[in-house]
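Please work through the exercises below with the sequence and the model open beside you. Each task is followed by a solution that goes step by step.

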Number of protein chains: 2
Amino acid sequence: MKNADYGKLVDKLIELNYLGSAMSVLHWDQEVYMPEKGSAMRAKTLGYMSGLLHDMFLSINDKRLLDRLRKTVAKGKTAEAIVVRDVLRAYDREKKLPKKFVEEMSIVCSEAQTVWAKAREQDNFALFAPHLKSIVALKRKEAKLVGYTQSPYDALLDVYEPGMTSDRLTKLFDELKARIIPLVQHHRKAPTLPKGPYAIEDQRTFNAFVAKSMGFDFDRGRLDISSHPFTIHFHPEDVRMTTRYREEDPMYSVGSTIHETGHALYEQGLPAEHFGTALSESVSLGIHESQSRVWENMIGKSKGFWTYFFPHLKTTFPKQLKNFTLDQFLAYVNHVAPSFIRTEADEVTYNLHVILRFEIEKDLIEGKIDVDELPAIWNAKMKAYLGVDVPNNKLGVLQDVHWSGGMIGYFPTYVLGNMYAAQFYEQAQKDIRGLEKQYAQGKLAPIREWLRENIHVHGKRYSAEDLVKKVTGKKLSADAFVHYLENKYKTTSRS
Amino acid sequence: MKNADYGKLVDKLIELNYLGSAMSVLHWDQEVYMPEKGSAMRAKTLGYMSGLLHDMFLSINDKRLLDRLRKTVAKGKTAEAIVVRDVLRAYDREKKLPKKFVEEMSIVCSEAQTVWAKAREQDNFALFAPHLKSIVALKRKEAKLVGYTQSPYDALLDVYEPGMTSDRLTKLFDELKARIIPLVQHHRKAPTLPKGPYAIEDQRTFNAFVAKSMGFDFDRGRLDISSHPFTIHFHPEDVRMTTRYREEDPMYSVGSTIHETGHALYEQGLPAEHFGTALSESVSLGIHESQSRVWENMIGKSKGFWTYFFPHLKTTFPKQLKNFTLDQFLAYVNHVAPSFIRTEADEVTYNLHVILRFEIEKDLIEGKIDVDELPAIWNAKMKAYLGVDVPNNKLGVLQDVHWSGGMIGYFPTYVLGNMYAAQFYEQAQKDIRGLEKQYAQGKLAPIREWLRENIHVHGKRYSAEDLVKKVTGKKLSADAFVHYLENKYKTTSRS
């Protein structure tokens with residue numbers, strides 16, 4: 001490879017990332033601090049910047065830079081070859097999308113999101129339906145433009161989980177579904193949390209303490225409030241998380257804080273010196289989700305973890321939690337019960353919420369079902385998988401923002417995250433003895449460093465598939481996750 | 001004028017403003033919420049975006065669009081002609097600056113600001129001096145590249161106060177100086193504010209109440225905290241202000257909130273439908289400052305204003321202010337006393353702080369003095385104008401951020417703002433009878449609407465010179481401001 005060409009490429013990638021990072025600041029601000037009436041102009045600004053980024057990205061190939069580099073990297077294992085291949089992969093996709101298409105998508109989704117918010121508030125699916133139809137049509141067009149072998153859904157999935165196919169997903173999810181549905185039957189009534197209020201300021205202090213204990217570096221990030229919790233990185237030196245609060249339930253914010261801190265540790269653990277290139281990027285959304293889930297569930301719902309943190313929580317809320325025991329608290333945190341809202345579901349039923357969405361969106365993109373049928377299909381699946389009757393679309397098909405934002409192919413990564421997480425954690429437990437005993441002493445560094453060394457530091461050097469194999473010695477399967485759930489929910493007494 | 005060409009121009013201006021607005025979000029975030037270690041990458045991001053904006057701005061003339069438009073607008077009075085002339089004015093300046101020069105300036109200033117902060121903290125002028133020398137050299141080069149008739153300083157001043165010259169400023173300021181220095185002798189000891197603490201949360205609530213009462217629309221803006229108060233607009237629908245707090249003195253934050261709200265009302269009052277063009281922009285920094293100063297001083301230090309707000313302040317801090325009367329409070333707010341720090345100076349001595357800076361920076365740019373002489377010159381002028389002995393450079397020449405940021409030619413607009421403000425306010429008092437009586441009843445709408453109709457709605461339609469003439473019937477002079485100060489500080493009893 002000509003070093004001069006590679007140097008030029010990296011310079012251009014860094015510039016693109018400056019612009020992308022600026023857009024991320026705007027997205028963050030939009031969700032966290034932007035005043036209400038700033039939204040129309042912000043949508044236009046971000047729309048314009050998307051088009052600019054598209055143009056700038058394609059212009060990398062000016063003077064045939066990429067064409068020259070392409071010849072040199074076919075199967076190379078060097079860092080340079082990995083970076084170049086990652087750019088080519090994105091470039092080959094992006095160049096198939098006309099700028100007008102990119103802009104239209106941005107505008108249609110921006111409008112759809114506004115309408116969706118209103119439709120959800122009014123429980124009015126008919127209001128949202130025509131917008132969702134436009135999005136599905138655009139997404140089908142995108143799949144066609146990009147190209148695919150088996151299902152058009154694969155062309156969309158590939159953006160979020162490179163290399164994954166709907167065929168493979170269907171097999172993984174069918175197995176998971178079959179083994180999880182019986183587990184849901186085991187659920188028992190959870191103890192109720194003692195009555196609050198739990199002052200939000202005190203919850204914030206506790207959350208900051210937990211995030212810091214997990215290893216989040218507040219000199220390189222923040223924790224704010226937004227209506228939907230999220231983590232966004234501008235670069236490894238500035239990673240922003242959010243959570244949300246309910247005065248009557250501190251775990252509503254604590255659980256999401258642990259989850260987001262898992263994401264944020266991944267971002268803060270990426271090598272900053274490779275900023276702009278694949279070596280400083282996360283592998284896939286599934287791997288990203290594995291980092292949040294391993295902390296939220298495997299670690300953050302364990303007895304060891306709360307042996308250390310529950311006394312701190314009690315110190316924060318001494319009156320409210322006076323007569324609540326650690327065992328009662330663990331039963332509360334780990335209770336399983338079918339519910340309507342995905343984001344509030346327990347770690348067992350959660351997967352069924354997601355699989356349902358995957359099945360529906362795949363059928364939509366393959367043209368097997370129509371948008372107008374969604375409420376009926378949704379409700380039938382909820383009955384079949386979770387045994388519940390969805391009372392309205394607000395608590396059903398209208399609950400998630402994803403489809404209105406054009407994010408079709410995104411949902412499966414949530415369950416993939418659970419599977420990756422369980423498989424990684426199974427290995428970590430082999431590599432480090434007595435993990436839970438360490439948590440009980442407040443020692444979270446060993447597990448954090450294990451995740452960092454095995455996953456974070458590599459950036460996108462390995463594909464998700466290769467990374468899982470490298471770390472665990474096995475291909476991705478549902479086994480580890482199902483074992484984890486079965487062990488926990490078939491044996492734990494939750495009286 | 002060909003409509004198609006004008007339409008193309010406006011489209012491009014709007015795009016430029018999207019990018020500029022994105023940069024403003026990054027600047028705001030940097031001062032308000034960015035974590036400490038995000039600064040290096042943020043500087044690079046903004047540096048890159050400055051260069052991009054420079055290129056994009058110059059590219060407006062692709063296919064000779066500007067050359068064609070130039071021929072059509074020579075002296076036209078239409079909105080289109082005004083917009084085009086404003087673009088040409090900026091374009092003719094910008095095209096003289098090589099991109100490398102723009103980038104170098106950005107990098108040198110970014111470094112200098114970091115060093116300045118350290119130098120100020122350590123009271124170490126020698127540390128900062130070499131950086132300031134580089135900046136002065138670059139600024140002299142900028143003046144040379146841009147061109148000027150009399151003083152190179154005029155080429156820099158023109159960016160902030162279009163049309164103003166150092167010659168004219170010198171005359172205005174010399175007169176002001178001569179008439180203000182005697183006023184400083186009249187000062188008496190101010191009453192001290194009752195001991196606090198004044199809880200910051202309560203101050204924040206009070207500040208929001210004052211800003212809202214003044215007419216600030218919180219659906220189209222925010223009020224946050226930063227170490228140096230400022231107002232920044234992304235567009236008229238999203239205007240952000242900041243202030244800062246001291247527990248022992250609520251007026252430290254209230255005064256700056258009133259000041260920033262004056263700026264923000266101007267931005268919120270600009271016509272949003274002309275976003276991107278001169279018709280939606282402020283006239284000059286001097287006119288901008290007039291809007292903050294008229295609220296902060298003429299209105300916000302008046303007896304009428306506090307007749308309404310002081311009871312609210314007392315309700316907010318009932319224990320602390322129990323035995324403090326309105327007259328005592330007014331004496332506190334309006335006390336005059338020489339001090340070292342410009343940003344904390346009263347409305348009389350403030351002007352001398354600024355004039356001193358103008359004289360120094362003008363001599364620097366004209367090559368009459370050297371950076372190494374600054375501390376001595378600064379301290380000598382402070383003694384001559386304010387009668388004080390500056391104890392160290394931290395309280396002297398190192399106090400302001402401006403020079404380290406390359407903002408030379410900016411300071412004079414602070415005093416111009418006072419003069420414009422006084423001249424506008426003199427006219428407002430003629431146009432609306434009994435202004436202070438209205439304030440006493442909490443009626444701030446009449447003065448706000450007067451400012452909006454006479455100044456805000458015009459955007460940059462008139463030059464500062466023409467606007468003052470149009471609104472007050474007179475050319476800008478020091479008279480109104482000196483009369484205002486003399487009336488207030490020669491007669492008011494401040495026992």
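**Exercise 1: Two helices in chain B**

H9(B) and H10(B) are roughly parallel to each other, a term used for angles under 35 degrees, whereas over 145 counts as roughly antiparallel, 65 to 115 as roughly perpendicular and the rest as oblique. This is a predicted model, in which local features need pLDDT of at least 70 and side-chain atom pairs count only at pLDDT 80 or more, while totals for chains, interfaces and linings use all residues. Residues are numbered from 1 along each chain as its sequence is written, chains are lettered from A and ligands numbered from 1 in the order in which they are written, and side-chain values use heavy atoms, with hydrogens and water left out.

Task: At what angle do helix H9 and helix H10 of chain B pack, and which residues make the contact?

Solution. Helices (H or I, at least four residues) and strands (E, at least two) are DSSP runs numbered from the N terminus. Axes are lines fitted to C-alpha atoms, for helices over the stretch in contact, and angles run from 0 to 180 degrees between N-to-C directions. On this basis helix H9 (residues 200–214) and helix H10 (residues 250–269) of chain B pack at about 30°, with their axes 10 Å apart. Residues making the contact (heavy atoms within 4.5 Å) include Phe206(B), Val210(B) and Met214(B) of H9(B), and Val254(B), Ile258(B) and Leu265(B) of H10(B).

**Exercise 2: Helix H1 of both chains**

Task: At roughly what angle do the axes of H1(A) and H1(B) cross?

Solution. The axes of the two helices, residues 3–32 in chain A and residues 3–32 in chain B, come within 10 Å and cross at roughly 70°, which makes H1(A) roughly perpendicular to H1(B). Among the residues of H1(A) in this contact are Leu19(A), Val25(A) and Trp28(A), which meet residues of H1(B) including Leu19(B), Val25(B) and Trp28(B).

**Exercise 3: Aromatic pairs in chain A**

Task: Which parts of chain A does the pair of Tyr198(A) and Phe317(A) tie together?

Solution. Rings of Phe, Tyr and Trp (its six-membered ring) pair if their centres lie within 6.5 Å, and planes under 30 degrees apart count as stacked, over 60 as edge-to-face and the rest as tilted. The count comes to 51 aromatic pairs over all chains. Tyr198(A) and Phe317(A) form an edge-to-face pair, 5.0 Å centre to centre with 80° between the planes. Tyr198(A) lies in the loop between helix H8 (166–185) and helix H9 (200–214) and Phe317(A) in the loop between helix H12 (303–316) and helix H13 (326–333), so the pair ties together parts of chain A that are 119 residues apart in sequence. Both Tyr198(A) and Phe317(A) are buried, where buried means under 20% relative accessible area, exposed over 50% and partly exposed in between (1.4 Å probe, protein chains only).

**Exercise 4: Backbone details**

Task: Which peptide bond involving Pro197(A) is cis, and where is Pro197(A) placed?

Solution. Most residues other than glycine have a negative phi, and most peptide bonds are trans. A cis peptide bond joins Gly196(A) and Pro197(A), with omega about 5°, and Pro197(A) is placed in the loop between H8 and H9 of chain A. In chain B, the peptide bond from Gly196(B) to Pro197(B) is cis, with omega near 0°. Asp123(A), a residue other than glycine, has a positive phi near 50°, and Asp123(A) is partly exposed at a relative accessible area of 31%.
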